[in-house]
Structures are given as structure tokens and as C-alpha cells.
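The stops below are given in the order in which they may be selected.

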Amino acid sequence: MNALSIHPVASRPRQPETKHLTFDEALEWRRKLGRDKARLGVTNGCFDLLHRGHADYLAKARLACDRLLVLVNSDDSIRQVKGPGRPVVHEDDRVYMLGALECVDAVVMFTSKHCTDLFERIKPDVYIKGGDYTEETLVREEYLLLKSLGVEFVFIPFVPGLSTTGLIERIQTLP
């Protein structure tokens, strides 16, 4: 067989678009995970210009739980947080790229500035954020709700020198 031959495997990877769930679908999935005693980890963010730092972060996030749900900001909610010049990558493409990662089990897009209502309904077992956050710097309302639910907090250090803002700045200075 040559390198391009397809080898039989027990199961094929899921296609990225099958990981994009509505919130109602995610709630049903969450109920099933609960029945199966699987620990759900949740993270949220923009994930604009997906890069190695994001991939490293999400792979490590998946190690902290049995299943990983990524809540991704819609284009409108990113503009509320980052300003009118962002996002660079359209929301549908960001959702697809996240779904293409093996470590991501499901992706849900949200339109609000914060995730408090989503957290209250999905009730994650683990909440994962990047190393630029601490329990003290999380959105207070989100933190207090997650703490009251008994959620475990995991903070994952950044890969030095990798950020979307840094990438944008480098691109803008290219000759």
C-alpha cells in the first residue's frame, strides 16, 4: 500500500459540520452525557484566525474532561467585545474550523456578550479558560454562577508568542 491508501479503521472521524449544534441539541447531548457519567468540559471564546495556540489550548482542554464543548462568539458578539474591526474570519468558518479539530466534541455559537444563561442551562462539570485568566478576572456573573454549580476551573497557559492580535499585527506590517 502507498501512503495515500485508506486503511480500515474501527471508526471514522466525524465531519466538522456534524459537531455544530444548536443550543437545544447541546442540551439534549448534555443530558445523555450526564446519564453516561461523562464529564463535560466547556470553554468559550472568539477563536478568530485559528492558530497553533488555539489548537494547543483546546487539545489540553480536552484532557481535563471526557467531552469538550466549545461555545464560540457570533460575529456580532465579537464586535461587542473586540470592536468593529473584528472578527477577521466569518462565524460559520470559525465554527467549521473548530469542528475539524479532533479534540472538540461539539461547537455551539452564541450571540450574547457573556455566557451566563448558557452555563446555567448546560451545567458543565469543568470550565476551561486560557492562562490570561484567573478566577478573579473571569466575568463575575459567570464565575459566581459556575462556582455555585460546583464547576471545576482549569486554566491552561498560552503558547508564548501566539495570539490572534499578534498575528493581525504581523500581517498588517508585511511589505
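The tour begins at the second largest pocket, whose lining residues divide into five nonpolar, one polar and five charged; here Ala, Val, Leu, Ile, Met, Phe, Trp, Tyr, Cys and Pro count as nonpolar, Asp, Glu, Lys and Arg as charged, and the others, Gly among them, as polar. To display this lining, select Arg12, Pro13, Arg14, Pro16, Lys19, Gly99, Ala100, Leu101, Glu102, Val104 and Asp105. About 220 Å³ of space lies in this second largest pocket.

The model is predicted: local features need pLDDT of at least 70 and side-chain atom pairs count only at pLDDT 80 or more, while totals for chains, interfaces and linings use all residues. Residues are numbered from 1 along each chain as its sequence is written, and side-chain values use heavy atoms, with hydrogens and water left out.

A pocket is found on a 1 Å grid over the protein atoms alone, as an open set of points where a 1.4 Å probe fits, with protein on both sides within 12 Å along at least five of seven lines; lining residues have an atom within 4 Å of a point. Grid points are joined across faces, edges and corners, and a volume is the space filled by probe spheres set on the points.

**The largest pocket**

Next, select Gly45, Cys46, Lys82, Lys129 and Tyr133, which lie nearest the centre of the largest pocket among its 34 lining residues. Strand 1 (40–45), helix 2 (52–63), helix 3 (75–82), strand 4 (126–130) and helix 7 (164–172) each give two or more residues to this lining. Helices (H or I, at least four residues) and strands (E, at least two) are DSSP runs, numbered from the N terminus. Helix 2 supplies the largest share, four residues. The volume of the largest pocket is about 770 Å³, and its lining divides into 14 nonpolar, twelve polar and eight charged residues.

Five of them form an open, parallel sheet in the order 3-2-1-4-5; two strands pair if DSSP finds at least two bridges between them. Strand 3 (106–110) and strand 5 (152–156) stand at the edges, each with a single partner strand, so one side of each has no neighbour in the sheet. From one strand to the next, the twist averages 25 degrees; axes are lines fitted to C-alpha atoms, for helices over the stretch in contact, and angles run from 0 to 180 degrees between N-to-C directions.

Moving along the sheet, strand 2 (residues 67–73) is joined to strand 3 by five bridges, and the partner of Leu69 in strand 3 is Ala106. Two bridges join strand 1 to strand 4, where Val42 stands opposite Tyr127. Strand 4 and strand 5 pair over five bridges, with Lys129 opposite Phe155.

Which residues cover the two faces of strand 4? Val126, Ile128 and Gly130 lie on one side and Tyr127 and Lys129 on the other, all buried. Buried means under 20% relative accessible area, exposed over 50%, and partly exposed in between (1.4 Å probe, protein chains only).

In strand 1, select Thr43, which is buried with a relative accessible area of 0%. Apart from neighbours within four places in sequence, its contacts (heavy atoms within 4.5 Å) include Tyr57, Leu69 and Ile128.

**Helix 2**

Helix 2 packs on the sheet, touching strand 1, strand 2, strand 4 and strand 5, and its direction makes about 140 degrees with that of strand 2. Not counting residues up to four places away in sequence, Ala61 touches Leu68, Ile128 and Ile156. Arg52 also lies in helix 2, but it is exposed, at 62% relative accessibility.

**Backbone details in the loops**

Select Phe47 in the loop between strand 1 and helix 2. Although not a glycine, Phe47 has a positive phi of about 50 degrees, and it is buried at 6% relative accessibility. Lys123, in the loop between helix 5 (116–122) and strand 4, likewise has a positive phi of about 50 degrees; Lys123 is partly exposed, at 43%.

The last stop is the cis peptide bond from Arg86 to Pro87, with omega near 5 degrees. Pro87 lies in the loop between helix 3 and helix 4 (91–99).
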